[in-house]
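Reader: I have a structure here that I have not seen before. Can you walk me through a few parts of it?

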Amino acid sequence: MGRPRRLQFPGACYHIVLSGNNRQDLFLSNQDRRHFLNLLRQYKERYDLKIYAYSLLDNSVELLLETRRPNLSLVMQSFNTVYTKYFNSARGTSGHVFQGRYKALVVEKETALLEMTIYVHLNSVRSGLKERPWRYQWSSAGAYVEAGHREPLIDSDEVLRRMGKSRFQQSLKYLKLLKERLKSQAQWVLPIIRGFCVGTEAYAARLETLPEPLSGNGGSEALARKIVAETAQRHGMDADKLLGRSQWRDVAAARREAMYRIWKEARLGVTEVARLFGRTPSAVSQAIRALEK
């Protein structure tokens, strides 16, 4: 059987599961968990993501997030690589940290977003932890049930605004609903449609008709090419010269500018930018750092 289709389109919402390689732990300390969440904050800003919920266990992670661009594979590949480098470097080890391909289900926001945040927040209970899910430190439940808690990482307003006018009312109703779902284990099984979707049958059917370009990061690559052309024109040179090997000072400066804009605006990762310009990732990183300063 082939791997399930990886649907990517602007505004897609996903339930993502990351597992440790051979069921080994992803986190060996609270510092690891804090680093993971700090990295998630960085990627939220860099790739313009919405993070609706998360739950970190020792050997697995559940995320509920939305991509503004059709670039989930790009985001997750880069994220996993960066965390793997951190984990191995901190312990003097090498090799895989995550178990193969991450799991991703498309979530229909209009019908399933609320229930999916609850599903993620019940992850600790489903995994056997006895602590109440709204008290579990390493999940986003606190951003929903504590009226005075505003976690910048979590986009809770889109869910809570349906549950009352004041933040206090919203948090109280969410906590009540979370407690109700906690008592009903029948709610703990995801209603997966056609093997790739959580939502309605009609929504799943529409997703299967999406054109192929929306299944990749073609939009980002097209924007990258546009940025190259604009930068070259502004500096009075051909785009081919910008992408070439010339080391003349004016060409190198324009090239660094284009690299930075592509990284910042098209949201391509360093590896993708390096491939476009025929450079090494380290060279691109140096160019980006120079312009960031």
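Author: Start with a side-chain pair: Arg 167 and Ser 156 are joined by a polar contact of 3.1 Å. Bear in mind that this is a predicted model.

Reader: Where is the place of Arg 167?

Author: Arg 167 belongs to helix α7, residues 167-183.

Reader: And is Arg 167 buried or exposed?

Author: Arg 167 is buried, because its relative accessible area is 10% and the cut-off for buried is under 20%.

Reader: New topic, the sheet. In what order do the strands come?

Author: The order is β2-β3-β1-β4-β6-β5, 6 strands in an open sheet with mixed pairing. β2 and β5 (192-193) are the edge strands, each pairing on one side only.

Reader: How many bridges join β1 to β3?

Author: There are 8 bridges, and the two strands run antiparallel. Within that pairing, Ala 12 stands opposite Thr 67 in β3.

Reader: Which strands does α1 touch?

Author: α1 packs on the sheet and touches β1, β2 and β3, with its direction at about 165° to that of β2. Helix α3 (residues 109-121) runs at about 30° to β2 and lies across β1, β2, β3, β4 (103-107) and β6 (197-198).

Reader: Back to α1. Which of its residues are buried?

Author: Among them are Phe 36, Leu 37, Leu 39, Leu 40 and Tyr 43. Besides strands, the buried residues of α1 pack against helices α2 (72-91), α11 (249-266) and α12 (270-277).

Reader: What comes just after α1?

Author: Asp 48, which takes a positive phi of about 55°.

Notes. Residues numbered from 1 in each chain as written. Predicted model: local features only at pLDDT ≥ 70, side-chain atom pairs only at ≥ 80, totals over all residues. Heavy atoms only, no water. Buried < 20%, exposed > 50% of the residue type's maximum accessible area, 1.4 Å probe, protein only. Helix = DSSP H or I, 4+ residues; strand = E, 2+ residues; numbered from the N terminus. Contact = heavy atoms within 4.5 Å. Polar contact = N/O pair within 3.5 Å; in protein donor to acceptor, adjacent residues only side chain to side chain. Pairing = 2+ DSSP bridges. Axes fitted to C-alpha atoms, helices over the stretch in contact; angles between N-to-C directions.
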